[in-house]
Amino acid sequence: MKDVEMICIQCPLGCKIKVKLDDDNKVLDISGFTCKSGKEYAMQEVTDPHRIITTSIKVIDGKSELVSVKTSKPVPKRLIFAIMDIIKNSSIHAPVEINQIIISNVANSGADIIATKAVDKI
Amino acid sequence: MNKISCDLLIIGGGASGLGAALKAAKEGVNVILVERLNIAGGILNQCIHNGFGLHYFKKELTGPEYAANLINLTKDLPIKFLFEHFLLSIDKKSKTVYFASENGIVEIKCEALVYSAGARERPFGSLLIPGDRVSGIYTAGVAQKFINIENRIIGKRAIILGSGDIGLIMARRLTLEGVEVVAVCERMPYPGGLSRNINQCLKDFGIPLLLSTTVTEVRGEGRLSEVITSELDENYNIIEGSQRSWSVDTLVLSVGLVPSTTPMMGYVDIDLRTRGIIVDSTMNTSVPWIFSSGNCVIIYDLVDYVTKEGEIAGTYAVEYIKQKKEKKKIPIKKGIGVGIINCNAWVEQTDLNLYLRSIKPIEKGRLIVKSGNSIIFEGKEQAFIPSEMVHKTIKAEQIEKLGNIDNIVVEIV
């Protein structure tokens, strides 16, 4: 049995969550969360931690050189650098709409890379 | 000279100015919003990370998404945006405000003004760090703008001074963009940013956080090549022999924000310690027709608060335009345990939105709002740290039931 303590990253409140695990890393008890999303975060964090990635992608013929993007849902932490590599080697032609899918199912994560702002064509 | 007029003039098109514009325009007054850049949204546009909007929009958004959502709400409302205009001066008597623009001076006559110009970063020069004056030293916001907006990388190997949220966010951002971040130094014995950011920006990437440590020298020829850090004792004096040398070409500073109030000096009362504009519970300044909201008043933790405060400024600016009635103000005093606080006075018949930070970490304490021996509000026992702002709304009735009072004291005991 072991206890894992973590700070929830779901919102700026930063609740301190405790998870009790048995010897096979099965969750026995979760305490300290103050919302549903905090409990889910703690479950995920002890099994396979996930994160939303926010970064930017190069825009061709746009009014700005970059468009900010994010993953449409949290992706496994272990894929962060693989996904960053794919994004670094990608570009998109303007105009770009907010919420537009730029890369679908990035690195087979099930998440899409979507624009978080609009970029007009020059 | 270009002369125009409006009911309400708002200076600053960021999260707070937009909030003020929204509320005021919904009340039917005509609004002119003046912004120095060519787009609205302010600093949100370069904060491409997520974590915004949980309170105001009830969902987690990135900075540009929060800005886009807010700008969307202003559509179809009587708000005229004037971009690339910069505040020059104010004529208090005639309620006329002068701006510089590409087409010359613009003169705007208004009934009321909301000043929401945000904050600026504390610069390297103010830290008095000895050594060479080299390139490769950036404030976090400037580094963020280079990377997120201008598509420029700022260096190869970086050290970060200051563990405020912007510094932590930049540690992750630099790492994702291939810059090696060797450490984040913090002169205080506790971190400056939110716990969640220590977790997801530093721990996720194995970046060390060095507490009670600061930068004591910068060296290089032309470009930064070496940073010296030193550990500090409990009185913030350098511990001899604790010096460490870091071979880096980049130093990123996240050493705090200062309210941007220089253009307002001489027009409204400003807190000489924090440099924030002094306002009451209606966001009214020392001048009846001038209101102010956002980070030019106090540095907030959450952009959601900044928009909410803008809405209050907009609401009461409209009330002033329509009624021009003076209301009684009760001063609010900072009691023990409180570091900084907004607002400065309670106006009768209004709800009191208190935002405050403790003066130091307090393991167990209660927030108490009182007048004389009468308790207005007593919070539950909780932990306080200066980096996490406390927000409490007290309804007008709760204060009014005490009858006549001379002052309100806020303390953490």
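This section describes the domains, cores, sheets and helices of a predicted model.

In chain A, the domain assignment gives domain 1 (2-47) and domain 2 (54-115). The centres of these two domains of chain A, taken over C-alpha atoms, are separated by 29 Å.

The largest nonpolar core has 81 residues. Leu8(B), Leu9(B), Ile10(B), Ala21(B) and Ala317(B) have the most contacts inside this core. Helix H6 (residues 303-323) of chain B gives the most to the core, with nine residues. Domain 1 (1-121 + 257-326) and domain 3 (328-413) of chain B both give residues to it, so the core lies between them. Nonpolar side chains tend to be buried together in soluble globular proteins. Ala21(B) touches Ile10(B), Val31(B), Leu33(B), Thr74(B), Ile79(B) and Gly314(B), leaving aside residues up to four places away in sequence. A second, separate core has 34 residues, and Ile154(B), Ile207(B), Val227(B) and Val248(B) are among them.

The geometry of H6(B) was checked against its length. At 1.5 Å a residue, its 21 residues should span 30 Å. The end C-alpha atoms of H6(B) are 30 Å apart, which agrees. Of the 21 residues, 17 are buried, so H6(B) is largely enclosed by the rest of the structure. Lys324(B) follows H6(B) and has a positive phi, near 50°.

Helix H4 (residues 165-176) of chain B was examined in the same way. Its 12 residues should span 16 Å at 1.5 Å a residue. The end C-alpha atoms of H4(B) are 17 Å apart, in agreement with that value. H4(B) is mostly covered, with 12 of its 12 residues buried. The buried residues include Asp165(B), Arg172(B), Arg173(B) and Thr175(B), along with Ile166(B), Leu168(B) and Met170(B). Gly178(B) follows the helix, with a positive phi near 90°.

An open sheet of five strands in chain B has the order E10-E17-E11-E12-E13, with parallel pairing. Strand E10 (137-139) and strand E13 (209-210) of chain B are the edge strands, each pairing on one side only. Within the sheet, strand E11 (residues 157-161) of chain B runs parallel to strand E12 (residues 180-185) of chain B, and five bridges join them. Val181(B) in E12(B) is the bridge partner of Ala158(B). Helix H3 of chain B lies across E10 and strand E17 (250-253) of chain B, running at about 95° to E10(B).

Asn148(B) is found in H3(B), which covers residues 140-148. Asn148(B) has 24 other C-beta atoms within 10 Å; the cut-off for a buried residue is 20 or more, so Asn148(B) counts as buried. Its contacts reach both chains: Asn148(B) touches Ser56(A), Leu66(A) and Ser68(A), together with Gln46(B) and Ile48(B), not counting residues up to four places away in sequence. Asn148(B) and Ile321(B) are 173 residues apart along the chain, and 41 Å separate their C-alpha atoms.

Antiparallel pairing occurs elsewhere in chain B. Strand E6 (residues 85-91) and strand E7 (residues 96-101) of chain B pair in the antiparallel sense over six bridges. Ser89(B) stands opposite Tyr98(B) in E7(B). The hairpin of E6(B) and E7(B) has four residues between the strands, and Lys95(B) takes a positive phi near 50°.

Three strands of chain B form an open antiparallel sheet in the order E21-E23-E28. Its edge strands are strand E21 (338-342) and strand E28 (390-394) of chain B. The twist averages 25° from one strand to the next. Strand E23 (residues 352-358) of chain B runs antiparallel to E28(B), and five bridges join the two. Asn353(B) has Thr393(B) in E28(B) as its bridge partner.

Strand E25 (residues 367-371) of chain B shows alternating side chains. Leu367(B), Val369(B) and Ser371(B) point to one face and are buried. E25(B) pairs in the antiparallel sense with strand E29 (residues 408-412) of chain B over four bridges. Four bridges also join E25(B) to strand E26 (residues 374-378) of chain B, again antiparallel. Ile368(B) stands opposite Glu411(B) in E29(B) and opposite Glu378(B) in E26(B). E25(B) and E26(B) form a hairpin with two residues between them. In the turn, Gly372(B) has a positive phi of about 60°.

Notes
Residues are numbered from 1 along each chain as its sequence is written. Chains are lettered from A and ligands numbered from 1 in the order in which they are written. This is a predicted model: local features need pLDDT of at least 70, side-chain atom pairs count only at pLDDT 80 or more; totals for chains, interfaces and linings use all residues. Two residues are in contact if their C-beta atoms, placed from the backbone, lie within 7 Å. The expected span of a helix is 1.5 Å times one less than its number of residues. Two strands pair if DSSP finds at least two bridges between them. Axes are lines fitted to C-alpha atoms, for helices over the stretch in contact, and angles run from 0 to 180 degrees between N-to-C directions. A nonpolar core is a set of buried Ala, Val, Leu, Ile, Met, Phe, Trp, Tyr and Cys residues joined through C-beta atoms within 7 Å. Domain bounds come from an automatic or database domain assignment.
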